[in-house]
Amino acid sequence: MAGITKAIGRLQAGRTLFLLCDMQEKFRPSIQHFDDIAQVSNRLVQAAKHMKIPVIATEQYPKGLGSTVSSIDTSGVPVFAKTKFSMMIPEVEELIAKEHTDVESFVIFGIETQVCISQTTLDLLGDNRQVHVVADACSSRNLLDRKYALKRLKQSGAFITTSEALLFELLGDSRHPAFK
């Protein structure tokens with residue numbers, strides 16, 4: 001059954017990890033629909049907390065680009081500084097290997113779709129991991145870059161989804177304690 005689950009991209013809360021990528025204040029003026037992306041990202045992070053899904057966040061060169069925007073509540077979320085475009089830096093890989101050995105599915109969201117989201121997704125796919133990219137929680141400076149990055153990621157084997165579809169799949173039932 002696990003092989004079929006992976007092939008069709010089914011998500012299970014106990015085997016999923018969320019990746020919040022580089023949602024920093026300095027990017028706000030240049031990223032299309034930044035406030036909407038931040039709002040959806042916060043909803044995903046809060047839902048993950050309610051469903052006990054682990055979240056890992058990164059910040060691209062925070063000395064120059066600042067911290068994660070305050071509208072996303074990252075309390076209790078490990079946040080790693082990076083200069084590499086992919087989120088798969090040694091510290092993140094070590095945390096996953098040490099504390100999240102049962103994870104089969106990675107859900108990624110943030111910015112920029114054609115850079116950090118793409119490189120992280122490709123790294124994970126290259127390690128034979130299942131990746132779900134949340135389209136309504138990813139953006140770029142240029143929407144054409146976003147559009148073709150999502151197409152490439154789908155061609156490469158990632159599942160492109162929306163926050164609502166993702167959350168309802170993880171809940172699975174209106175009787176789930178986190179359903180509101």
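The model I am reading is a predicted one, in which local features need pLDDT of at least 70 and side-chain atom pairs count only at pLDDT 80 or more, while totals for chains, interfaces and linings use all residues. Residues are numbered from 1 along each chain as its sequence is written, and side-chain values use heavy atoms, with hydrogens and water left out.

**Entry 1, cysteines.** I took a disulfide to be a pair of cysteine sulfur atoms within 2.5 Å, and by this rule the count comes to 0 disulfides. Cys21 is in none, and the cysteine sulfur nearest to its own, that of Cys116, is 4.6 Å away. I then looked up exposure, with buried meaning under 20% relative accessible area, exposed over 50%, and partly exposed in between (1.4 Å probe, protein chains only). Cys21 counts as buried because its relative accessibility is 0%, and Cys138 is buried too, with a relative accessible area of 1%.

As background, nonpolar side chains tend to be buried together in soluble globular proteins.
For Leu44 I listed contacts, meaning heavy atoms within 4.5 Å. Leaving aside neighbours within four places in sequence, Leu44 is in contact with Phe18, Phe109, Val134, Ala137, Ser163, Leu166 and Leu167.

Which residues of S1 are buried on each of its faces? Thr16, Phe18 and Leu20 are buried on one side, and Leu17, Leu19 and Cys21 on the other, so that both faces are covered; in number, 6 of the 6 residues of S1 are buried. For pairing I used the rule that two strands pair if DSSP finds at least two bridges between them. S1 and S4 run parallel and are joined by 6 bridges, with Leu19 standing opposite Ile108 in S4. S1 also pairs with S2 in the parallel sense, over 4 bridges, and the bridge partner of Cys21 in S2 is Thr58. Together S1, H2 and S2 make a right-handed β-α-β unit, right-handed meaning that, with the strands pointing away from the viewer, the path from the first strand over the helix to the second runs clockwise.

In H4 (residues 90-99) I found Val92, Leu95 and Ile96 buried. Seen down the axis of H4, its buried residues fall within an arc of 95°, so they line one face of the helix; the arc is that of the directions from the helix axis to the C-beta atoms. The face turned away from this buried side carries the exposed residues Pro90, Glu94, Ala97 and Lys98. What covers the buried residues of H4 includes strands S1 (16-21), S2 (55-60), S3 (79-82) and S4 (105-111).
In H5, the buried residues include Thr113, Cys116, Ile117 and Leu124, and the buried residues of this helix pack against S1, S2, S3, S4, strand S5 (130-139) and helix H6 (143-156).

A cis peptide bond, with omega about -20°, joins Ile111 and Glu112, and Glu112 has its place in the loop between S4 and helix H5 (113-126). Just after H5, Asn128 takes a positive phi of about 60°. Lys52, in the loop between H2 and S2, has a phi near 60°, a positive value in a residue other than glycine, and counts as exposed at 71% relative accessibility. Tyr61, in the loop between S2 and helix H3 (62-65), has a positive phi near 40° and is partly exposed at 44% relative accessibility.
Last, I looked up Ile160 in strand S6 (residues 159-161), which is partly exposed with a relative accessible area of 33%. Not counting residues up to four places away in sequence, Ile160 touches Val133, Ala135, Leu150, Leu153 and Lys154.

How values were computed: Helix = DSSP H or I, 4+ residues; strand = E, 2+ residues; numbered from the N terminus.
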